[in-house]
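Me: I would like a close look at a single part of this model, with the terms spelled out as you go.
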Amino acid sequence: MTYLTQRLLKTFDKYADRPALRFREQEVSHAALFQRVQSIASFLQKRGVNSGDVVAIISDKSFDNYAAMTACLLCGITYTNIDPDNPRERTEAILKSCQPKLVFDGFPRIDEAKFNFGTIFNETTLAYIMFTSGSTGIPKGVGISHGNLQPFLDWGKERYQITSRDNFAQLSPLYFDNSVFDFYTAFCNGASITPIDKQMLQSPLNLVEYVEQKQCTIWFSVPSLLIFLTTMRVLTQSSLPDIRIFTFGGEGFPK
């Protein structure tokens, strides 16, 4: 087991009853998420997907999307998230580059199953592949190993004093590298994630109201998103009262 997988398993056990995902209509506990993780891990094993293989996920911030990413991590399988709105040529280039064993665009019905995460793999195993925007014309995959994530996890917890009471507004899509902060920092510390879909990002007033309703405490986005909300005049002195940390990345911060 790697440092990352040990932290994930300890979190699922310690914070089993705490919320892991806060969707519009329902909350999913860490226990319920882990149950789905086990089922997907069993499914992957039956399909012959093993440690070192790559799984591509057409990403939509669904319950199964988060469970599949986590199942891959715990099995030593490398995942990559793909934008469902990609031009066909870009998706084909990504698939040609990473050569996935399986591509998931929504999971079939999977029976509940128990799974023993006892696979032995080391810290050099790739956790995920993040593809660049492809400004040169060709998307390039950046592989991040389990070992690469260890200092990142420690830094995130210490720098932002993350606890199980925190709730991350996941504003970035899962195929964009900003999303890594939300996903790993939340799930490895017993905190929760509130997934924000693309449509809501295009409606500034609805976005602010939804983040307030879900009582999110952590906001991480590109700076242009908050500039957009400011320009649209949807923020007031009393907006987003539960957010205790605003932090930014992914693009230059304008003067």
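Which residues are exposed on the other side of helix 4?

Reply: The structure is a predicted model, in which local features need pLDDT of at least 70 and side-chain atom pairs count only at pLDDT 80 or more, while totals for chains, interfaces and linings use all residues. Residues are numbered from 1 along each chain as its sequence is written, and side-chain values use heavy atoms, with hydrogens and water left out.

R88, E89 and K96 are exposed on that side of helix 4, where exposed means over 50% relative accessible area, buried under 20% and partly exposed in between, with a 1.4 Å probe and protein chains only. Helices (H or I, at least four residues) and strands (E, at least two) are DSSP runs, numbered from the N terminus. The buried residues of helix 4, which spans residues 88–98, are T91, I94 and C98. Seen down the helix axis, these buried residues fall within an arc of 60° and so line one face of helix 4, the arc being that of the directions from the helix axis to the C-beta atoms.

The cover over the buried residues of helix 4 includes strand 3, strand 4 and strand 6 (126–131), with contact meaning heavy atoms within 4.5 Å. Of these, strand 3 (residues 54–58) is itself mostly covered, five of its five residues being buried. V54, A56 and I58 point one way from strand 3, whereas V55 and I57 point the other way. Strand 3 pairs with strand 4 (residues 78–82) in the parallel sense over five bridges, pairing requiring at least two DSSP bridges between two strands. Finally, just after helix 4, Q99 takes a positive phi of about 50°.
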